[in-house]
Amino acid sequence: MYKSILAISEGGPDAVVSFGLAARIARMFDGTVDAIHFAETHQGDLDIASQAMPFLKRLSDDRLKSRAAESERAFHDLIAPLDGSTFAGGGDMTRDRLVALGRYASLVLLGRPGADAENIAPSTVKHVLYDCARPVVIAPPNLPSNPPSSVVVAWNGSAQAARAVGAALPFLEKASKVTVMAGAEPAAAGAPRLVRYLGRRGIAATVEAMDAGTISGRARGRALIRYARDKEADLLVMGAYGHGQLSNFLGLGGATAKVISSCPIPLLLAH
């Protein structure tokens, strides 16, 4: 069960999205949320341009202050009513502290990188995935109106996929429909054994094959997103894989990066 959720916002549009989804999940599982406002830079930080043109520093500080206020406003509107909820932010909220807080959560939740020009930094997503040692949920820009009821599990038999399934069990147990998408050869990936395992927990899952062929990682990511959309899923569960090329803005595997950056529904990941 997700009794303790860490929700991360950098302000702006993702504050309402990430905090709103965190509150919804907390209510589903009778949990609570520790919300934080995190920024890569803080008021008073100086770069070369700011030193040369002080008015840029004032603009930057005003922007950072406004985004912090947006996170705090979203917290009071969406999360504060939950018993035990907390909010933290400020200049001492470093990435190291964020990662440390994540290790004491059942689930870490943040907005999709790139959905807003100033949205959560891609490097933050990567650090949360690799360093918090907790399942991560990425909130899309447009949240579905209902709790997850149809879940697609991307399964390939890997350690990452197994960890993702284990982390998603509370969602799977509440879902009315669970589909295991197991690539071109479901039996070779052990999908029947996964279905048996889930069945022992009262989860009735079905297996389907999806042959993406020999295509690039990004194309596989697009195919997986299309599959989840065709199934009318409202939660996608998958493992987070590898490091991508320098051209990959997340620095993750191509399929993982593509799904994170484009998935239109909530996405649960585990590494």
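Trainee: What span should helix α6 have at 1.5 Å a residue, and how far apart are its end C-alpha atoms?

Mentor: Bearing in mind that this is a predicted model, the 16 residues of α6, residues 159–174, should span 22 Å at 1.5 Å a residue, and the end C-alpha atoms are 24 Å apart, which agrees.

Trainee: And where does α6 bend?

Mentor: The bend is at A168 and comes to about 60°, with a proline, P170, following within four residues. Both A168 and P170 are among the buried residues of α6, a list that also includes Q160, V165, F171 and L172.

Trainee: What covers those buried residues of α6?

Mentor: The cover includes the helices α1 and α7 (191–199), together with the strands β6 (150–154), β7 (177–181), β9 (235–239) and β10 (267–270).

Trainee: Going over to α1, is that helix largely enclosed or largely open?

Mentor: Since 12 of the 16 residues of α1 are buried, the helix is largely enclosed by the rest of the structure. Among the buried ones are D14, F19, L21, I25 and M28, and just after the helix D30 takes a positive phi of about 55°.

Trainee: Which residues touch the most other members of the largest nonpolar core?

Mentor: That core has 48 residues, and the ones touching the most other members are I5, I25, V33, W155, L172, L198 and L268. The element that gives the most to this core is α1, with 9 residues.

Trainee: What is V33 in contact with, leaving aside its neighbours within four places in sequence?

Mentor: On that basis, V33 is in contact with A22, A23 and A26, as well as with I5, A7, I79, L82, S85 and T86. There is also a second, separate core of 35 residues, which includes L110, I138, L224 and M238.

Trainee: Now the sheet: what is the order of its strands?

Mentor: The sheet is open, with 10 strands in the order β3-β2-β1-β4-β5-β10-β9-β6-β7-β8 and mixed pairing. Its edge strands, β3 (86–88) and β8 (205–208), each pair on one side only, and the twist averages 20° from one strand to the next.

Trainee: In which sense do β7 and β8 pair?

Mentor: They pair in the parallel sense over 4 bridges, and V180 stands opposite V207 in β8.

Trainee: Which strands does α6 touch where it packs on the sheet?

Mentor: Helix α6 touches β6, β7, β9 and β10, and its direction makes about 150° with that of β9. Helix α7, for its part, lies across β7 and β8, running at about 170° to β8.

Notes:
Residues are numbered from 1 along each chain as its sequence is written. This is a predicted model: local features need pLDDT of at least 70, side-chain atom pairs count only at pLDDT 80 or more; totals for chains, interfaces and linings use all residues. Side-chain values use heavy atoms; hydrogens and water are left out. Buried means under 20% relative accessible area, exposed over 50%, partly exposed in between (1.4 Å probe, protein chains only). Helices (H or I, at least four residues) and strands (E, at least two) are DSSP runs, numbered from the N terminus. The expected span of a helix is 1.5 Å times one less than its number of residues. The bend at a residue is the angle between axes fitted to the seven residues ending there and the seven starting there. Contact means heavy atoms within 4.5 Å. A nonpolar core is a set of buried Ala, Val, Leu, Ile, Met, Phe, Trp, Tyr and Cys residues joined through side-chain atoms within 4.5 Å. Two strands pair if DSSP finds at least two bridges between them. Axes are lines fitted to C-alpha atoms, for helices over the stretch in contact, and angles run from 0 to 180 degrees between N-to-C directions.
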